[in-house]
Amino acid sequence: MNEWLMLALAVTAGLLLGVIFFGGLWWTVSKGVAVKRPATWFLGSLLLRTGVVIAGFHAVSDGHWQRLLACLLGFAVARDLQKRDHHVV
């Protein structure tokens, strides 16, 4: 497949991974303040979100550093969009 297409797909995958990670973080914080054991809630969320993102980065990169970098770029863009949407510093 064309390398430019693969890089575009890697950026898109990074955006999706960022939405999953930061959307999950937002959901965890909003629900975590009302649970009996917030530390368990936050730790479980962190481990799950991090595991999904690391597995996603690994699958997308497929041993190519350029794809990994493109995926990371998409992830960073998703963070910036999330930050603007929720007005977070």
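Q: Among contacts in the protein chain between residues at least 6 apart in sequence, what percentage join residues at least 24 apart?
A: In this predicted model, 63% of the contacts between residues at least 6 apart in sequence join residues at least 24 apart.

Q: Why is H1 described as roughly antiparallel to H2?
A: Two packed helices are described by the angle between their axes and the distance between the axes. Here the axes of helix H1 (residues 3-32) and helix H2 (residues 38-61) come within 10 Å and cross at roughly 180°. An angle over 145 degrees counts as roughly antiparallel. H1 is therefore roughly antiparallel to H2.

Q: Which residues make the contact of H1 with H2, and how do they divide?
A: On the H1 side the contact includes Ala-10, Leu-17, Phe-21 and Trp-27. On the H2 side, Trp-41, Arg-49, Val-53 and Phe-57 are among them. The residues of this contact divide into 15 nonpolar, six polar and two charged.

Q: Why is Gln-82 called buried?
A: Buried means under 20% relative accessible area. Gln-82 has a relative accessible area of 17%, so this residue is buried. Gln-82 lies in helix H3 (residues 65-86). Leaving aside residues up to four places away in sequence, Gln-82 touches Phe-22, Gly-23 and Trp-26.

Q: What makes the pair of Phe-21 and Phe-22 edge-to-face?
A: A search of the whole structure finds five aromatic pairs. In the pair of Phe-21 and Phe-22, the ring centres lie 5.0 Å apart and the planes stand at 85°. Rings pair if their centres lie within 6.5 Å, and planes over 60 degrees apart count as edge-to-face. The two rings therefore form an edge-to-face pair.

Q: How do you know whether Phe-21 and Phe-22 are buried or exposed?
A: The cut-off for a buried residue is under 20% relative accessible area. Phe-21 stands at 15%, so Phe-21 counts as buried. Phe-22 has a relative accessible area of 11%, so Phe-22 is buried as well.

Q: Why is the aromatic pair of Trp-27 and Trp-41 called tilted?
A: The centres of the two rings are 5.6 Å apart and the planes form an angle of 40°. Planes under 30 degrees apart count as stacked and planes over 60 degrees as edge-to-face, and the rest count as tilted. The angle of 40° belongs to the rest, so the pair is tilted. The pair links distant parts of the chain, with Trp-27 in helix H1 and Trp-41 in helix H2, 14 residues apart.

Q: Which residues do ring pairs link into a cluster, and which residues does Phe-21 touch?
A: Ring pairs link Phe-21, Phe-22, Phe-57 and Phe-75 into a cluster. Phe-21 lies in helix H1. Not counting residues up to four places away in sequence, Phe-21 touches Arg-49, Thr-50, Val-53 and Phe-75. The C-alpha atoms of Phe-21 and Arg-79 are separated by 8.9 Å, although the two residues are 58 residues apart along the chain.

Q: Why does Leu-16 count as exposed?
A: Exposed means over 50% relative accessible area. Leu-16 in helix H1 stands at 52%, so Leu-16 counts as exposed.

Q: Why is Asp-62 called exposed, and what is the value of its phi?
A: Asp-62 has a relative accessible area of 53%, which is over 50%, so Asp-62 is exposed. This residue lies in the loop between H2 and H3. Phi of Asp-62 is near 50°, a positive value in a residue other than glycine.

Definitions and conventions
Residues are numbered from 1 along each chain as its sequence is written. This is a predicted model: local features need pLDDT of at least 70, side-chain atom pairs count only at pLDDT 80 or more; totals for chains, interfaces and linings use all residues. Side-chain values use heavy atoms; hydrogens and water are left out. Axes are lines fitted to C-alpha atoms, for helices over the stretch in contact, and angles run from 0 to 180 degrees between N-to-C directions. Helices (H or I, at least four residues) and strands (E, at least two) are DSSP runs, numbered from the N terminus. Angles under 35 degrees count as roughly parallel, over 145 as roughly antiparallel, 65 to 115 as roughly perpendicular and the rest as oblique. Contact means heavy atoms within 4.5 Å. Ala, Val, Leu, Ile, Met, Phe, Trp, Tyr, Cys and Pro count as nonpolar, Asp, Glu, Lys and Arg as charged, and the others, Gly among them, as polar. Buried means under 20% relative accessible area, exposed over 50%, partly exposed in between (1.4 Å probe, protein chains only). Rings of Phe, Tyr and Trp (its six-membered ring) pair if their centres lie within 6.5 Å; planes under 30 degrees apart count as stacked, over 60 as edge-to-face and the rest as tilted.
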